Amino acid sequence: MTEPLNSPVSINLDLCDGCVKCLNSCPTDVFGFNTQTQKAYLAYPGDCSVCFLCIGDCPTGAIKVDFAITSVRKHSAYASYDPDLLVLDPSAC
Amino acid sequence: MDQIDADVLIIGGGFGGIWAALRAAEVVDNVVLLEKAYVSRSGASTISGGVTTCPLDDDDLSKWVAEFVTKGGYMCDQDWTAQLLEGQRERVKQLAGWGVPISRNDKGEIRRFASRGMIEVRCMQYSPKKAMEELRKQVIARGVRIIDRICVTDLLTTDGEYPTKGAVCGAFGFNTRSGECLAVRAKQTILATGAMSMKGQHQIDNVVCDGVVMAYRAGARLVDLEFSFGGTFSLLMSKYTFGSYNVAIAHGARLINAEGERFMAKYDPVRYERGELARVVAAFAKEMIDGRGPVYVDMRNVDQSYWDDLKVVQQSKGASILLSDRIPDPKVSPLAIEPTWGLWNGGRSGLMIDLKCRSSLPGLLAAGVAAKITATGTHASAGVPTAFSMTSGYCAGNAAAELALSMQKPRMPDDLVDRLAERVRAPLGRATGKINADRLHDSLTKLESSVVETMPLSAPRLRKMIEQTDEVAMTADRVGAADVHDLVKLHEARNIAECAKLVYLSALDRTESREQFYREDFPETDDEEWFCWHGLTSTAGGPVFDRQSIPFERFPLQPPGKRPRHLSPIAAIMRGSFDPTNYD
């Protein structure tokens with residue numbers, strides 16, 4: 001079972017072995033430990049800042065972090081641009 | 001409430017803090033290091049691009065010093081420049097000796113590349129995460145007591161006053177999970193809390209402005225806060241983290257506009273994308289304003305060693321968008337890229353420190369980019385923030401330990417710790433509502449926008465920004481925290497609001513433009529008034545500014561003389577009149 005939530009980070013609980021390495025990895029304390037299930041859970045998923053530190057530390061590959069930053073706090077000069085314009089045709093230059 | 005004593009207390013466990021701890025523990029027994037997250041998984045040191053200045057034994061460092069001083073507009077402490085480079089030569093040897101992975105050529109030599117904006121100065125690439133893991137092991141082996149997950153909120157002062165007329169004697173904070181308070185009384189305290197930043201901008205959301213603000217409240221003198229605006233080309237296709245721009249351009253990546261033109265040829269026909277970063281960012285903004293955007297990073301000619309190193313970094317770090325299948329192949333298609341621009345001091349501002357890393361307050365030293373890197377002046381260097389963090393850490397640890405050796409345990413008012421605990425935990429007792437810490441951080445980041453809007457400053461805009469920071473700070477003093485995690489974020493929001501206000505006040509006070517600092521209403525560089533370090537100190541009567549002359553009588557390199565007022569490089573770029581022959 002995966003906890004999707006509205007956040008870049010998710011945990012596949014079938015793979016999580018409860019080692020709690022992610023609790024040390026995360027600078028912003030996204031992860032908690034559920035003593036009943038003996039597995040990690042997303043305590044504060046909204047605080048994921050897409051740093052990927054947990055990905056390298058999770059020994060079972062249970063954690064996924066999406067590449068896309070969807071935070072309203074990030075400002076893009078291309079917010080109103082057609083997405084097709086964000087890739088340049090290599091034959092054009 | 002837990003209360004402990006230390007000879008040397010270090011706040012922050014990135015490069016600055018760890019190197020301070022390593023050195024201090026060689027001199028005194030009782031060294032305590034407090035870290036808001038977990039040492040080796042926190043701070044810019046851990047998730048940086050892994051670029052640092054790399055002087056080796058055969059290099060003539062006098063040439064490097066000269067390059068830093070000229071590129072830094074002569075606004076450097078040249079003694080610090082020399083100390084930085086000599087110290088970094090030792091730090092590189094130590095990292096290599098511990099087996100930290102460093103990018104090497106076929107002969108096994110460190111692979112070096114020209115630092116951005118430079119001809120002589122060389123950088124190297126290393127694995128930052130592995131470096132931090134090794135450093136954690138080293139400090140533990142030396143008997144340093146690391147206490148992770150402590151959010152430090154205040155410095156302790158011997159008279160219990162803020163600003164103090166006495167000395168700093170430790171720090172107060174709380175555990176970010178249990179909420180339990182901790183006071184560390186210390187003979188000497190080293191502030192190593194990293195950059196000034198806002199959440200949501202740099203993928204290091206626990207690094208904000210905590211340390212600089214608590215030092216300011218205690219009465220430490222800050223300098224050049226208006227130079228806290230900064231950023232780099234970090235956002236790919238409007239929503240992905242690019243990785244290290246410095247490394248990519250060193251290996252041949254180029255910036256081109258929508259017409260396929262390598263536009264940096266107009267601004268820096270020698271260094272192109274490797275030119276002074278603020279000028280490259282301004283050139284980006286100019287291309288956008290003139291309708292030649294998007295700007296693309298063209299990686300079709302990047303050499304193979306870049307991609308090889310990227311694979312190594314990816315294995316250590318977890319992932320890289322450039323090697324993923326989420327985007328078109330960057331080896332084939334130029335992809336839209338853009339810089340951030342906002343509160344990101346990178347060592348261009350912060351606590352003023354001397355060669356021993358002592359602040360203006362007795363008992364308080366600073367290391368890393370919470371301090372102003374006077375070694376490099378106005379130059380925003382690739383590699384120097386990490387190098388300075390390591391060497392200032394070492395120097396601060398050494399000086400603090402030497403001072404502590406001859407000191408008794410400091411005294412402070414009996415009620416100080418209880419007073420702080422009551423104030424710090426007060427939001428937990430207040431009702432929570434729609435306005436919470438998260439919304440305050442949202443409001444703060446609205447002070448910033450895309451670089452096109454945020455780079456030009458003016459008095460009306462700065463006054464409005466100051467009003468907005470006041471509003472956030474006042475709200476933060478009223479709202480409740482739902483739990484301890486929320487309490488951390490609430491203190492962070494309060495600190496960012498206060499820090500941003502100080503930055504904007506400093507920007508308002510500086511009536512000129514200079515290198516990366518650009519005021520539309522004062523577009524010229526004014527050496528008569530502003531060729532100095534711009535100090536800011538908290539007093540009972542409010543913030544007080546000062547201007548400190550740069551002591552050239554001490555230094556080997558003399559400036560060519562004050563130039564008459566002239567358009568700053570960014571002002572000239574924005575007005576379309578930039579002539580590269582007029583600027584270094």
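Residues are numbered from 1 along each chain as its sequence is written, and chains are lettered from A in the order in which they are written. In this predicted model, local features need pLDDT of at least 70, and side-chain atom pairs count only at pLDDT 80 or more, while totals for chains, interfaces and linings use all residues.

Begin by selecting residues 2-228 and 343-405 of chain B, which form domain 1, and then 239-339, which form domain 2; such bounds come from an automatic or database domain assignment. The centres of these two domains of chain B, taken over C-alpha atoms, are separated by 29 Å. Their contact (C-beta atoms, placed from the backbone, within 7 Å) takes 17 residues from domain 1 of chain B and 19 residues from domain 2 of chain B.

Next, show both chains together, where 35 residues of chain A are in contact with 50 residues of chain B. On the side of chain A that touches chain B, select helix 2 (53-57) of chain A, a DSSP run of H or I with at least four residues, numbered from the N terminus; this helix gives the most to that side, with three residues.

Finally, select helix 6 (residues 210-218) of chain B, where eight of the nine residues are buried (20 or more other C-beta atoms, placed from the backbone, within 10 Å of their own), so this helix is largely enclosed by the rest of the structure. Among the buried residues are B:V212, B:M214 and B:Y216.

Definitions and conventions:
Two residues are in contact if their C-beta atoms, placed from the backbone, lie within 7 Å. Helices (H or I, at least four residues) and strands (E, at least two) are DSSP runs, numbered from the N terminus. A residue is buried if 20 or more other C-beta atoms lie within 10 Å of its own, exposed if 12 or fewer, and partly exposed in between; C-beta atoms are placed from the backbone.
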